Amino acid sequence: MESRVLSRATTTTTTISSLRRSPLENHQNVSFISLKPIGAVGEGGNVIWGRQLRPALLLESSNAPAGLFAGKKEILRPILATASSPAEGSDSAGEAAPVRFFDRYPALVTGFFFFMWYFLNVIFNILNKRIYNYFPYPYFVSVIHLLVGVVYCLVSWAVGLPKRAPIDSKLLKLLIPVAVCHALGHVTSNVSFAAVAVSFTHTIKALEPFFNAAASQFILGQQLPLTLWLSLAPVVIGVSMASLTELSFNWTGFISAMISNISFTYRSIYSKKAMTDMDSTNIYAYISIIALFVCIPPAIIVSKRKLSDHS
């Protein structure tokens, strides 16, 4: 009888001491058996704490709580990766989006546009000079140039490349001075091309950066460094020497080219004041239309008599 009581007391003490242990100590004495999906509960499926586990969440083996948590992380990782959104710059199939040529080689694209501008400008001036050799009416030719540009802009608007931006009276007042300077500079350039050699006109128009710098300094109030002025000094000296030794020099061509420089300089100044949210293509289209209407009256006045004699 006494031995039974002692055995019961020992058992009770052991049970109480085991209950007082921390959960971590209890886990250290627990080993998980490798579980594999067999089937439904009725077919001998895996049941833990009265719940049947899905096969995807079963653990092959785990000997500690850390292993259990690590196994859970490994299971959840592919699920999170599947649910995550595709990375930027890739398409729906997971492949990287191709980089456009313009974005891959920006310097090459810029150089191409510079080259095309100079190339087309040379062709334009040569064709102009050939026209002036047998049709010396620069005012009329200037109107034709602007008219072709306006037709091109209207056709571009008609097809929606680009879409025409609306214009109001306030913007029109800002663009009128720009268009007047554009028209004056274009006409005087053509007058100079008709009067002297193309090379000489381009030599005089090389002073345009000097006029832009002077206007920025003394009109807009922008302080330019001395190094910039020193860099323009060789240009001024070179143009002066070329003008003194030019065989085709005449004052009409020289003064017209200088007026063209001043006109384009003021066009730059007024363009800065007329900067709006409108894109540059639409601004140039409106400037060309206004400049056309500005050039038509002087072209009619100056060229009316000569054109009648030529016909």
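**Exercise 1. Work out what residues 174-200 look like in this model, and how far apart their ends lie.**

Solution. Start with the record: an unreviewed UniProt entry lists 174-200 under "transmembrane region", together with 107-127, 139-162, 226-244, 251-271 and 283-302. Positions follow the numbering used here, feature names are shortened, and such annotations may be inferred rather than shown by experiment. Next, look at the chain: residues 174-200 are 93% helix and 0% strand, with end C-alpha atoms 34 Å apart. Then try residues 226-244, which come out as 100% helix and 0% strand, with 27 Å between the end C-alpha atoms. Helices here are DSSP runs of H or I with at least four residues, strands are E runs of at least two, and both are numbered from the N terminus.

A word on the ground rules: this is a predicted model, where local features need pLDDT of at least 70, side-chain atom pairs count only at pLDDT 80 or more, and totals for chains, interfaces and linings use all residues. Residues are numbered from 1 along each chain as its sequence is written, and side-chain values use heavy atoms, leaving out hydrogens and water.

**Exercise 2. Check the length of helix 5 (residues 106-134), then find its buried residues and what covers them.**

Solution. Take 1.5 Å times one less than the number of residues. For the 29 residues of helix 5 that should give 42 Å, and the end C-alpha atoms sit 43 Å apart, so the two agree. Now the burial: Val 109, Asn 125, Asn 128 and Tyr 132 are buried, meaning under 20% relative accessible area with a 1.4 Å probe, protein chains only. Their cover includes helix 4 (101-104), helix 6, helix 7 (169-195) and helix 8 (198-205).

**Exercise 3. Do the same for helix 6 (residues 138-159), and see what follows it.**

Solution. Its 22 residues should span 32 Å, and the end C-alpha atoms are 32 Å apart, which agrees. Among its buried residues are Pro 138, Val 141, Leu 146, Cys 153 and Trp 157. After helix 6 comes Gly 160, with a positive phi near 85°.

**Exercise 4. Find which helix gives the most to the lining of the largest pocket.**

Solution. First, the volume: about 1700 Å³, taken as the space filled by probe spheres set on the grid points. Of the 46 lining residues, Trp 117, His 182, Phe 264, Arg 267 and Tyr 284 are the closest to the centre. Helices 5, 6, 7, 8, 11 (251-273) and 12 (280-310) each supply at least two lining residues. Helix 5 gives the most, with ten.

Note on methods. Buried < 20%, exposed > 50% of the residue type's maximum accessible area, 1.4 Å probe, protein only. Contact = heavy atoms within 4.5 Å. 1 Å grid on protein atoms, 1.4 Å probe; cavity = no way out; pocket = protein on both sides within 12 Å on 5 of 7 lines; lining within 4 Å.
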